Amino acid sequence: MSGGRLLSLYINNRSGGLIYQRNLSPAAAKLRDNDQLTVASMLSSLALILQELAPTSGSRPMSSLEANGFVLCSYDVPTGLKLVMLAEPGTQGLELLLKAIHALYADYALKNPFYELDMPIKCDKFDERLTRLLHDFTR
Amino acid sequence: MAGLRTRKLNIVDRALGKGRQEVVSQSAFAHLFSEFVQYSQARSITASELERRLEDAGVGIGVRILELASLRDGKTRRETRMLGILQYVHTTIWKALFGKSADALEKVVENEDEFMISEQEPLVNQYISVPAHLPNLNCAAFAAGIIRGALESAGFPAAVQAHTVAADAGGSRTVFLIKFAPEVLARERSLASA
């Protein structure tokens, strides 16, 4: 059901700090670690600015952005967590995928006693499950 | 009195022996266990101290679950042999706690007082990724404590340890190593010769 390749995944915490990043394709932009942090926090700020620009009050933050080279899908969780997926144009089902990744975060990061809230996610089981999920998605 | 009769029965008010056992939300358990591990970790300096705290917490549960499981399946005979009690822990008690029997029960070939119960993925560890700086830690020490408590109150004092063992096909499994006390072995010998 995908139709295009996934490029990269970013997960930001509620203060706009990057807590997880993974490139999913050789075609993804190769950024250095510091640049990834900057880009990710810019994304969070951009989403907030766009919300300010909305003509009606109560608009949700930016949920997607399209360019001719890629699409960006952003899924915001009420706790402030922000999941962002970059993919090739025409990729379907990104929001569902991000919801599934959110479920993995709730299980394998939040139920892990060694994970600290708002800190980078370094959990083997989260990585493992995410790999499996992305594999199933792109198949 | 009327108020009492109409009140919905709380889980702790219900008779233990009646009906099928209650199922607890795994999410709720995982969060509670995670908090408990964090609580214990904040009070321990080394990984082995943390494991000891988890194990000690399990012992009390083991004592109670042995009582409860034997009450539920109407057991009237007491296990007196090592294999009998190990089978009971491996199937009945494991089912009462985790909804399934443990994956395997094996004897350690070199030592006659040692046995292993192994589990592909213990329910308590399902969401836990052990950090790289604590490679030998296994939070299933809690389940090891449960086994120890059950064995001790059945009259089989033993030391139980949870080990992480790398599996052949990648990944890892947890092995609970059970080492019985010398008096258990002596009794076993006299029972076998009788």
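## About the model

This is a predicted model, where local features need pLDDT of at least 70 and side-chain atom pairs count only at pLDDT 80 or more, while totals for chains, interfaces and linings use all residues. Residues are numbered from 1 along each chain as its sequence is written, chains are lettered from A and ligands numbered from 1 in the order in which they are written, and side-chain values use heavy atoms, leaving out hydrogens and water.

## Ring pairs

Over all chains, the count is 10 aromatic pairs (ring centres of Phe, Tyr or the six-membered ring of Trp within 6.5 Å; planes under 30 degrees apart are stacked, over 60 edge-to-face, the rest tilted). Take A:Tyr105 and A:Tyr115: their centres sit 6.3 Å apart with planes at 85°, so this pair is edge-to-face. A:Tyr105 is buried at 7% relative accessibility (buried means under 20% relative accessible area, exposed over 50%, partly exposed in between, with a 1.4 Å probe and protein chains only). A:Tyr115 is buried too, with a relative accessible area of 7%.

Over in chain B, B:Phe115 and B:Phe180 are also edge-to-face, at 5.9 Å centre to centre and 75° between the planes. B:Phe115 is buried at 5%, and B:Phe180 is buried at 3%.

## Where the chains meet

What about chains A and B? Their contact (heavy atoms within 4.5 Å) takes 18 residues from chain B and 12 from chain A. There's one salt bridge between them (a side-chain nitrogen of Lys or Arg within 4 Å of a carboxyl oxygen of Asp or Glu). B:Glu121 forms a salt bridge with A:Lys125, with the closest N and O atoms 3.4 Å apart.
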